[in-house]
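Please find below a colleague's note on the model shown here.

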Amino acid sequence: MKIAFKKLGSHPLHFEANRDNARFSGDLILKKGNVAQLNGTITGSISIPCDLCAEEIEHPLNEEVTFYLSDGIYEGSDEELDIVEIDHSTIDLDELLHSEIELIKSDYFCCKNCEGTSLDREF
Ligand SMILES: [Zn+2]
C-alpha cells in the first residue's frame, strides 16, 4: 500500500500493509509542514532463524511503532525525533513494514531449544 503525502491531513488516515504473516496497521497524521506522524502496530508473525542453531522459528509479533515521516529532506532541529525521509512524496507502507521486520530480525533471537543458553532475552 502506498499513500501520497499530500493526502495526509489533521485527521488520522488509516493504513494497512501485509508481508508474509505480518500485518502492519495504524494511522498517519500530518503534524506540520512536511512532517507526518505514524502510529501503528505490527501483529501476526515472522520467521526468524535462531542465532545459535539457525532453525527457523515462527515468532509472534506485537510491536507498537511510532515514528515521523518527512516529505523529502528533514530540515527541522528536533534531532531526537525518529524521522524517516520519504522519496517522491509517497509513503510506501510495504517498504516501511519491510524495514521494521528487518530491524526486529536483527535483534538477538534464540529458539526454545537454545533458551537458557543466553540470558539476553526471554521468549
Ligand atoms: Zn536454537
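**Notes on the model**

1. The side chains of Gln 37 and Lys 31 form a polar contact at 3.3 Å; a polar contact is a pair of N or O atoms within 3.5 Å, where within protein one must be able to donate a hydrogen and the other to accept it, and residues adjacent in sequence count only if both atoms are side-chain atoms. The Gln 37 side chain also makes a polar contact with that of Asn 39, at 3.5 Å.

2. This is a predicted model, in which local features need pLDDT of at least 70 and side-chain atom pairs count only at pLDDT 80 or more, while totals for chains, interfaces and linings use all residues. Residues are numbered from 1 along each chain as its sequence is written, and side-chain values use heavy atoms, leaving out hydrogens and water.

3. Gln 37 lies in strand 4 (strands are DSSP runs of E, at least two residues, numbered from the N terminus). Gln 37 counts as buried because its relative accessibility is 12%; buried means under 20% relative accessible area, with a 1.4 Å probe and protein chains only. Beyond four places in sequence, its contacts (heavy atoms within 4.5 Å) include Asp 27, Ile 29 and Tyr 68.

4. The zinc ion has as protein donors the SG atoms of Cys 50, Cys 53, Cys 111 and Cys 114, lying 2.3 Å from it. Donors are N, O and S atoms within 2.8 Å of the metal (3.2 Å for Na, K and Ca); water is not among the atoms, so sites may look incomplete. Along the chain, the donors follow the spacing C-x2-C-x57-C-x2-C. Both Cys 111 and Cys 114 are buried.

Conventions:
Buried < 20%, exposed > 50% of the residue type's maximum accessible area, 1.4 Å probe, protein only. Helix = DSSP H or I, 4+ residues; strand = E, 2+ residues; numbered from the N terminus.
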